[in-house]
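Okay, everyone, my turn today. Let me put the model up and walk you through a few bits of it.

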Amino acid sequence: RTVYVNGEYLPETEASVSIFDRGFLFADAVYEVTSVLNGKLIDFEGHAVRLARSLNELGIENPISKEDLLEVHRELVRVNEIDEGLVYLQISRGADSDRDFVFPDPEKVKPTVVLFTQNKPGLAETVKPMKVISIEDIRWGRRDIKTVQLLYPSMGKMMAKAAGADDAWLIEDGFVTEGTSNNVYIVKDGKIITRGLSNDILHGITRAAVLRFAEEAQMEIEERNFTIEEAQNADEAFFTSASAFVMPVVEIDGKALGDGAPGKVALRLREIYLDESLKKAV
Ligand code: PMP
């Protein structure tokens, strides 16, 4: 596989980043994951805009223009012959050999830019009815910034796995925030209910697109908090992310939703999302 590091395309075995990189030492880095279908990038624009926002919130100078970033994404997809898969992008504040908590002078330390692809044949066809558990949300308070601090989400997935489930939904002050790596929704009497945007959750690129398509299809949407009990008593549930698109949830904390099968709204939204996103893919 060919990867990209700071302006260079290299075989993955020859690519390297300093042990002093602040992404490694402090999780002082942001990332994006963009899916690839039919060899094209899904919603590149949305990911580029969110990346710029994440960098800005952390005071990391954006080291690469949107045009160059698109070019790197496309080149990696091309050389690695990705038909269906993902492009992972990470930008850290850079490598500072002093290991100081204080941010280094941006004149001296430049951000580290890394991109690589993941080949995922069958990504669009894969619909897995998901079982989720609920766990406490103990992450930091700026979940709107897409940082690489993913230890708790990883632990959440491990807790889910240990419980025989596929993922965990996070609960704060009695309400569901989001999944470990996705935005979550319930459907009751045809109405789609999802938590509103704030610093408590990541502003999903897939969420924005799916809600837009749902609105265009005259579906009713309510952006508000909901509890895990309300979710367990919903007709259906699903989650969205750039790598899973729209995925039905059929069980929450051991309770089957509705008739236990993937919901109609979720499956319809998945179809619309894939169709519409592919039309606009670059
Ligand atoms: N919330 C969290 C915590 C996530 O990690 C992700 C995916 N990285 C999402 C939501 C979904 O965002 P997107 O649709 O942009 O992939």
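So, helix 4, residues 151–162: its 12 residues at 1.5 Å each should span 16 Å, and the end C-alpha atoms are 16 Å apart, so that agrees. The expected span here is 1.5 Å times one less than the number of residues. Helices and strands are DSSP runs numbered from the N terminus (H or I and at least four residues for helices, E and at least two for strands). Just past helix 4, G164 has a positive phi of about 80°.

Quick housekeeping: this is a predicted model, where local features need pLDDT of at least 70 and side-chain atom pairs count only at 80 or more, while totals for chains, interfaces and linings use all residues. Residue numbers start from 1 along each chain as its sequence is written.

Next, helix 5 (205–216) packs on helix 7 (264–280) at about 105°, axes 10 Å apart. Axes are lines fitted to C-alpha atoms, for helices over the stretch in contact, with angles from 0 to 180 degrees between N-to-C directions. The two helices are therefore roughly perpendicular (65 to 115 degrees; under 35 is roughly parallel, over 145 roughly antiparallel, the rest oblique). Helix 5 brings A209, V210, F213 and A214 to the contact, and helix 7 brings L269, I272, Y273, E276 and S277, with contact meaning C-beta atoms, placed from the backbone, within 7 Å.

Which element gives the largest share of the shell around the ligand? Helix 5, with three residues. Strand 13 (236–241) also supplies at least two. Of the 13 residues around the ligand, L202, G204, I205, T206 and A242 come nearest (the cut-off is a backbone-placed C-beta within 6 Å).

Conventions:
Contact = placed C-beta atoms within 7 Å.
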